[in-house]
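Welcome, and please have your viewer ready.

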Amino acid sequence: MRGSFFSRLPPQLSLLLLLSLRRVWTQEHIGTAPSKSPVAPECPEACSCSLGGKANCSALALPAVPAGLSWQVRSLLLDHNRVSVLPPGAFADAGALLNLDLRDNRLRLVHARAFWGLGVLQWLDLSSNQLETLSPGTFAPLRALSFLSLAGNRLAFLEPSILGPLPLLRVLSLQDNSLSALEAGLLNSLPALDELRLHGNPWACNCALRPLCTWLRKHPRPASETETLLCVSPRLQTLSLLTAFSDSAFKQCTQSLAARDLVVVYALGPVSFLASLAVCLALGSVLTACGARRCHRRTTVRHLLRRQLEPGGSASLEAAGSPGTPAIQA
């Protein structure tokens, strides 16, 4: 019947029809199917996600990092929420994150392992929170980080170990905190740092500010940025520009010991202590021996005086004191 049907059609039309039927049969039996259109990544509840891996959780009054994050998320917006604590592994399920926005929350505590697993993160914003301290090694896992903002917090001191070695960090924002100085070790651990935002801090222009002034001279910025970096203390330096201090201004400051000097100090310390202890023990032994000898002499003198005062004591004393006199025999 199929042959009679095709025999009634023109040859060209019959050929086209056969090719179409073969293509449909191939797709059904071999598994070749039309390509599917891309879909949005798995999205946390209450958030909205879009193509490209962007999860928007902004301004939702969230008290914590939402559950349901996946490796498909590349950019996570958590700004303007009520997150107060970042626990260990807070973003462990989103290890492919490139951008993380946590500004304008209520963050007071960031665990030292909160950012573990974010080895490819490049952009992190923690500005406008309530952070007063940060644990050492907090940002150490973020080896690919190029932008970090800690602006608008309550940080008064930053240990060098807090940031750790971040070889790709180019922008560090520290403005509007309570910082009075930055240690040399903190800046030395950031070899690629090119932009350092510092205004709005109560800088104390003393010897502790030397590392920062040295860095600013090596990385000049436009006057519009540096003219806001002013000393708050001491009184004689109030409102002085940080960039106005040359290296000669710190000549009176004591140079810190080099690593080799510290090794010598720590090595000689126990040796000198043991030597001092041995000398003290020797002197103590000598003084004790002298005291015992002196006490023995006093006891001997007292004993002789007592015998002299007794009856017949003088004769015995004279006999004892004259070694040439023969002893009296009965």
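A disulfide here is a pair of cysteine sulfur atoms within 2.5 Å. By that rule, a search of the whole structure, which is a predicted model, turns up 3 disulfides.

**Stop 1: Cys-43 and Cys-49**

Select Cys-43 and Cys-49 and show their side chains: the two form a disulfide with sulfur atoms 2.1 Å apart. Look along the S-S bond and you will find a right-handed link, with 85° about that bond. Cys-43 counts as partly exposed because its relative accessibility is 31%. Cys-49 is also partly exposed, at 22% relative accessibility.

**Stop 2: Cys-47 and Cys-57**

Next, pick Cys-47 and Cys-57, which a disulfide joins at an S to S distance of 2.0 Å. This link is right-handed too, with 115° about the S-S bond. Cys-47 sits in the loop between helix H2 (11-30) and strand S1 (48-50), and Cys-57 in the loop between strand S2 (54-56) and strand S3 (75-77), so the pair ties together parts that are 10 residues apart in sequence. Are these two buried or exposed? Cys-47 is buried, with a relative accessible area of 14%, and Cys-57 is buried at 0% relative accessibility.

**Stop 3: Cys-205 and Cys-231**

Move on to Cys-205 and Cys-231, a disulfide whose sulfur atoms are 1.5 Å apart. The link is left-handed, with -80° about the S-S bond. It connects distant parts of the chain: Cys-205 is in the loop between strand S11 (203-204) and helix H5 (210-218), while Cys-231 is in strand S12 (residues 231-233), 26 residues apart. Both Cys-205 and Cys-231 are buried.

Cys-213 is in no disulfide, and its nearest cysteine sulfur, that of Cys-205, is 6.4 Å away. At 1% relative accessibility, Cys-213 counts as buried. For a contrast, select Cys-280, which is exposed, with a relative accessible area of 52%.

**Stop 4: salt bridges**

Side chains of opposite charge can pair when their charged atoms come close. How many salt bridges does a search of the whole structure find? There are 5.

Start with Arg-103 and Asp-101, whose closest N and O atoms are 2.8 Å apart in a salt bridge. Arg-103 is partly exposed, with a relative accessible area of 27%, whereas Asp-101 is buried at 4%. Now widen the selection to Asp-79 and Asp-125: together with Asp-101 and Arg-103 they are linked in a network of salt bridges.

Glu-132 and Arg-154 come next, meeting in a salt bridge at 3.8 Å, N to O. Glu-132 lies in the loop between strand S7 (123-125) and strand S8 (147-149), and Arg-154 in the loop between S8 and helix H3 (160-163), so this pair ties together parts that are 22 residues apart in sequence. Glu-132 is partly exposed, with a relative accessible area of 47%, and Arg-154 is partly exposed at 43% relative accessibility.

Another salt bridge to display is that of Glu-195 and Arg-197, at 2.9 Å, N to O.

**Stop 5**

Finally, switch to a surface view. Phe-273, Leu-274, Leu-277 and Leu-281 make a nonpolar surface patch of about 440 Å². Of these, Leu-277 is found in helix H7 (residues 259-309) and is partly exposed at 40% relative accessibility.

Then select Arg-293, Arg-294, Arg-297, Arg-298, Arg-302 and Arg-306, which form a positive surface patch. Arg-306 is placed in helix H7.

Methods. Residues numbered from 1 in each chain as written. Predicted model: local features only at pLDDT ≥ 70, side-chain atom pairs only at ≥ 80, totals over all residues. Heavy atoms only, no water. Patch = residues over 30% accessible without salt bridge, like charges linked within 9 Å, V, L, I, M, F, W, Y side chains within 5 Å. Areas by Shrake-Rupley, 256 points an atom, 1.4 Å probe, with all protein chains shown as cover. Salt bridge = Lys/Arg side-chain N within 4 Å of Asp/Glu carboxyl O. Helix = DSSP H or I, 4+ residues; strand = E, 2+ residues; numbered from the N terminus. Buried < 20%, exposed > 50% of the residue type's maximum accessible area, 1.4 Å probe, protein only. Lys, Arg positive; Asp, Glu negative; His and termini not counted. Charge placed at Lys NZ, Arg CZ, Asp CG, Glu CD.
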